[in-house]
Structure formats: structure tokens, C-alpha cells
Amino acid sequence: MAEFKANCTRLLREVSESGEPITVTVRGKVVAVVSAPVEEKRAPLKSAFGMLRSDRYRFDMDPSEPAADPADWEANNPAELYREP
């Protein structure tokens, strides 16, 4: 345990590089086994264009049209909010 505490960073790097586990003992009794991390299998990233083929992404309106009615903007943002002090 004392050697592991003193050289923890170096030992962890060695385990990561070699893949060989290290057994940590206290007075001859095994308290831990340090082994290389299990590699995660990640799903490949999808391209943005491939995602847009999905039915979830669709336009209910013309994308070049305004998203809201300009009158609604004026009603929700009265001029007095933008007065100079």
C-alpha cells in the first residue's frame, strides 16, 4: 500500500499502457486489484444531413417566412421597456 500511495500516478499510467493489473496489498492481504479500464463501445456519430431525413425533423411552414407575427412581437415587447433612463 505504501508503494502504491507513493507512486500512484506512475503505476496507474503503467497499468493503462501495459494492460497488466496491479495487486495492492496491506500486510500481505489483497485489498485491491487495479486493472486497465474497459473500453466503451460508442455508437458512431450520425451526420447532420442523415438526421434531417428523419420524420421528426420537418417544417410545417416555409422556412423563409417569419416565425411569429410582427404584431405579437410588439404586444410582448412594449416600447416602454426600451426607454433610455
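Glu 14 has a relative accessibility of 37% and therefore counts as partly exposed, a class that lies between buried (under 20% relative accessible area) and exposed (over 50%), as judged with a 1.4 Å probe and protein chains only. This is a predicted model, in which local features need pLDDT of at least 70 and side-chain atom pairs count only at pLDDT 80 or more, while totals for chains, interfaces and linings use all residues. Residues are numbered from 1 along each chain as its sequence is written, and side-chain values use heavy atoms, with hydrogens and water left out.

The side chain of Glu 14 meets that of Arg 10 in a salt bridge, with 2.6 Å from N to O; the term requires a side-chain nitrogen of Lys or Arg within 4 Å of a carboxyl oxygen of Asp or Glu, and the count by this rule comes to one. Arg 10 is likewise partly exposed, its relative accessible area being 37%. Both residues belong to helix α2, where four residues, or about one turn of the helix, separate them; helices (H or I, at least four residues) and strands (E, at least two) are DSSP runs numbered from the N terminus.

Helix α2, which spans residues 8–18, also holds Val 15, and this residue counts as buried because its relative accessibility is 3%. If neighbours within four places in sequence are left aside, Val 15 is in contact with Glu 20, Ile 22, Val 34, Ser 35 and Ala 36, contact being defined as heavy atoms within 4.5 Å. For Ala 36, which lies 21 residues away along the chain, the C-alpha separation from Val 15 is 5.7 Å.

Val 15 is also one of the six residues of the largest nonpolar core, together with Phe 4, Leu 11, Ile 22, Val 24 and Val 34; such a core is a set of buried Ala, Val, Leu, Ile, Met, Phe, Trp, Tyr and Cys residues joined through side-chain atoms within 4.5 Å. Two or more residues of this core come from each of α2 and β1 (22–26).

Strand β1 also contains Val 26, which is partly exposed because its relative accessibility is 31%. In the loop between β1 and β2 (29–34) lies Arg 27, which is exposed, with a relative accessible area of 84%. Most residues other than glycine have a negative phi. Arg 27, although not a glycine, has a positive phi of about 55°.
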